[in-house]
Amino acid sequence: AKRDKALDMVISNRALLLIGPPMCRAFSRLQRMNMARMQPEKREHMIKEGMKHLKFCMTLYKLQIEQGRYFLHEHPYSASSWKLPAVQEVLGMPCVEMVKGDMCAFGMWQNTPEGKRFVMKPTGFMTNAHGIAEELNTQCNGKHTHIALVGGRARRAEVYPDELCHK
């Protein structure tokens, strides 16, 4: 029902920009380390739902392109999803490009016992809006230290930093 509603909104509301992050858990490197410990049914369900959602996002992006509008897709740069055929198909379209942005460059940080520490979180951005790609193609300046996304930190890093949202 939610996919039908989203599809209807994309077709009828004609949003200039559609932003569609997929479910990270099915494709992240960190989650892969935990998969062996997961119950097989839970693991298969997570992957199946992640794939279904990802393919749906790609369908919406293609609609945006066909209708002369824009999309932005974000996922961790090292996520396995970038290699999937559905993503490669969209990435191979003439107007689509992918850039890398480190989240620390957009102000992502977390509190630690030692104080605020930056979160690097290399992120891939795929879009058909060249100006957006230029803004998001921003890497770490190397002038600070980073924390590792372990011990529950990865979940907190799913929230976009304000600086990225205001770009």
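Is C95 buried, exposed or partly exposed? C95 has a relative accessibility of 35%, so C95 counts as partly exposed. This value, like those that follow, comes from a predicted model.

The cysteines can be followed further. A disulfide is a covalent bond between the sulfur atoms of two cysteines. The closest cysteine sulfur to that of C95 belongs to C57, and because the two sulfurs are 17 Å apart, they are too far from each other for a bond. C140 is in no disulfide either. The nearest cysteine sulfur to C140 is that of C104, at 3.6 Å, whereas a disulfide needs the two sulfur atoms within 2.5 Å. C140 counts as buried, with a relative accessibility of 19%. The count of disulfides in the structure is zero.

The overall fold comes next. The protein chain has seven helices and six strands. Read along the sequence, these elements follow the pattern α-β-α-α-β-α-β-β-β-β-α-α-α. The C-alpha trace spans about 50 × 40 × 25 Å along its principal axes. For 167 residues, a compact globule would have a radius of gyration near 15 Å, and the 17 Å of the protein chain agrees with that. Of the 167 residues, 38% count as buried. The accessible surface comes to about 10000 Å², and carbon and sulfur atoms account for 55% of this area. Contacts can also be sorted by separation along the sequence: among those between residues at least 6 apart, 74% join residues at least 24 apart.

Just after α1 comes R14, which takes a positive phi of about 50°.

How many salt bridges does the structure hold? There are two salt bridges in the structure. In one of them, the side chains of K52 and E49 meet at 3.7 Å, N to O. Both residues lie in helix α3, three residues apart, which is about one turn of the helix. An α-helix has 3.6 residues a turn, so residues three or four places apart point the same way. K52 is partly exposed, with a relative accessible area of 35%, and E49 is also partly exposed, with 23%.

Another salt bridge joins the side chains of K62 and E89, at 3.2 Å, N to O. K62 lies in helix α3 and E89 in helix α4 (residues 85–91), so this pair ties together parts that are 27 residues apart in sequence. K62 counts as partly exposed at 23% relative accessibility, and E89 counts as partly exposed at 45%.

Helix α4 also contains L91. With a relative accessibility of 22%, L91 counts as partly exposed. Which residues is L91 in contact with, leaving aside its neighbours within four places in sequence? The contacts of L91 are with V96, E97, M98 and M126. H45 is 46 residues from L91 along the chain, and the C-alpha atoms of these two residues are separated by 26 Å.

Conventions
Residues are numbered from 1 along each chain as its sequence is written. This is a predicted model: local features need pLDDT of at least 70, side-chain atom pairs count only at pLDDT 80 or more; totals for chains, interfaces and linings use all residues. Side-chain values use heavy atoms; hydrogens and water are left out. Buried means under 20% relative accessible area, exposed over 50%, partly exposed in between (1.4 Å probe, protein chains only). Helices (H or I, at least four residues) and strands (E, at least two) are DSSP runs, numbered from the N terminus. The radius of gyration is taken over C-alpha atoms; the globule rule is 2.2 Å times the number of residues to the power 0.38. Contact means heavy atoms within 4.5 Å. Accessible areas come from the Shrake-Rupley method with a 1.4 Å probe; for residues, only the protein chains shown count as cover. A salt bridge is a side-chain nitrogen of Lys or Arg within 4 Å of a carboxyl oxygen of Asp or Glu.
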